Amino acid sequence: MRSGWPRRWLWTGIALGLLNVAVANVHLAGRPIGASTGYPWAAAVLAGLRDSLYFREIDVAGAWELLFLAGGFVGGLLGAFVTRSFRLRTVPALWERTRGPGGGRRLAWAFAGGFVLVLGARLAGGCSSGHVLSGGMQLAASSLLFAVFVLLSFVVTARWFYGGAR
Amino acid sequence: MIVAFLAGVVVALLIQRVGITRFDRVVGFGLLEDFEAPKTVLVAVGVSSILFLLEFQLGWAVLNVKPLIVAGVVGGGILFGAGMAVLGYCPGTMPMALGEGSLDAGAGMAGGLLAGLAFTEAYPRLAPLLGPDLGDVNLYARSVGATWGWVSLFSVACLAAAFLLDRPRPISPSPDSRAAI
């Protein structure tokens, strides 16, 4: 009766948790997984702002996280090719149903969304990886507070942004 | 540093299997219709929290807790949630989704880079406004025994929440009274 066999979420969650514990081991990375510091690090390098106050604070973490992002790109590509699911697409199905088929509009909104997303992550000092996964792993007060406000804002915004047209 | 790259590859291959790299799955959660993503994350945190405590007690890991800078964490969390709803990806899944061919994730990354630049520029003036900074606090107790009890409780709560979310959709009215247990 239970849906969800083979319960991919369960095995994937376990593997993800084991991986983060392994990465945090002092013999491996000695720090947990994080992603969002890669963006200001890359932006500062591209814009020649290596002397800025913020870059000096995030120099080590940012380089690490940019490599994590690069690995994510390669892993995404690899997995999509292995499972033959690679396909260039611009407008997700749910977006098309609720906000229409326009590709330019979708890209513009995605750009704006990415801006607000990373700005929020930098203000808070972390994202789904660094705060929720890694901070949650360590029962960090900041990360648990972050998770609560992300969830509230996420659900309210999704309802407002997609809910009306359904 | 090679660990960072490999971790990225492995995380992408793992969460791809649950579809967390896809817009529809993430926004489906925002609309409270699809709980695969939070179930996976809850299991990951439930498993890692207890194992990390063991690792930490054995001296094989150090705490790396982010500071509780209240206004930054709350304001940043609100912006982050809104951005994730519109974009349908998070900072870590954007390059994974782009690798799968989702070009909108590439547009999101461009926006993210611009945000990174803006934040870097604004940081000296912005930093003093994000406080108060309550420090790198986590919920570990003073005594080892209490910490184990507390983390065990947290871990079980995360796992229980994941299994609770693994029920038939709460939206569809179901006469199944066994679900009330």
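## Close-ups of a predicted two-chain model

View 1. Setting aside neighbours within four places in sequence, Pro132(B) touches Leu68(B), Ile69(B) and Val70(B), where contact means heavy atoms within 4.5 Å. Residues are numbered from 1 along each chain as its sequence is written, chains are lettered from A and ligands numbered from 1 in the order in which they are written, and side-chain values use heavy atoms, with hydrogens and water left out. Back at the proline, the peptide bond from Gly131(B) to Pro132(B) is cis, with omega near 0°. Pro132(B) sits in the loop between α6 (103-126) and α7 (144-165) of chain B; helices here are DSSP runs of H or I with at least four residues, strands are runs of E with at least two, and both are numbered from the N terminus. For a sense of scale, Pro38(B) is 94 residues away from Pro132(B) in sequence and 30 Å away in space, C-alpha to C-alpha.

**View 2. Chain B, taken as a whole.** Chain B has 7 helices and 0 strands, giving the pattern α-α-α-α-α-α-α along the sequence. Its C-alpha atoms fill a box of roughly 55 × 45 × 35 Å along the principal axes. Of the 181 residues of chain B, 49% are buried (buried is under 20% relative accessible area, exposed over 50%, partly exposed in between, using a 1.4 Å probe and protein chains only). Take the contacts in chain B between residues at least 6 apart in sequence, and 66% of them join residues at least 24 apart.

**View 3. Helix α1 of chain B and what it packs against.** Helix α1(B), residues 2-18, has 17 residues and spans 25 Å from its first C-alpha to its last. That is close to the 24 Å expected at 1.5 Å a residue, the expected span being 1.5 Å times one less than the number of residues. Just past the end of α1(B), Gly19(B) adopts a positive phi of about 80°.

**View 4. Where α7 of chain A meets α4 of chain B.** The axes of α7(A), residues 141-163, and α4(B), residues 70-87, come within 7 Å and cross at roughly 40°. Axes are lines fitted to C-alpha atoms, for helices over the stretch in contact, and angles run from 0 to 180 degrees between N-to-C directions. The two helices, α7(A) and α4(B), are therefore oblique to each other (under 35 degrees is roughly parallel, over 145 roughly antiparallel, 65 to 115 roughly perpendicular, and the rest oblique). Their crossing is right-handed, meaning the near helix is turned clockwise from the far one by less than a right angle, with anticlockwise making it left-handed. Among the residues making the contact are Phe146(A), Phe149(A), Phe154(A) and Phe161(A) of α7(A), with Gly76(B), Gly77(B), Phe80(B) and Met84(B) of α4(B). The contact of α7(A) with α4(B) divides into 16 nonpolar, 6 polar and no charged residues (Ala, Val, Leu, Ile, Met, Phe, Trp, Tyr, Cys and Pro count as nonpolar, Asp, Glu, Lys and Arg as charged, and the others, Gly among them, as polar).

**View 5. Helices α6 and α7 of chain A.** The axes of α6(A), residues 128-137, and α7(A) come within 8 Å and cross at roughly 135°. That makes α6(A) oblique to α7(A), and the crossing is left-handed. His131(A), Val132(A), Gly135(A) and Gly136(A) of α6(A) meet Ser142(A), Ser143(A), Phe146(A) and Ala147(A) of α7(A). By class, this contact has 3 nonpolar, 5 polar and no charged residues.

**View 6. Loop residues worth a look.** Leu32(B) has a positive phi of about 55° although it isn't a glycine. Leu32(B) is in the loop between α2 and α3 of chain B and is partly exposed at 34% relative accessibility. Phe35(B) lies in the loop between α2 and α3 of chain B, and is buried, with a relative accessible area of 14%. In chain A, Arg84(A) has a positive phi near 55°; Arg84(A) is exposed, with a relative accessible area of 78%.

Key. Predicted model: local features only at pLDDT ≥ 70, side-chain atom pairs only at ≥ 80, totals over all residues.
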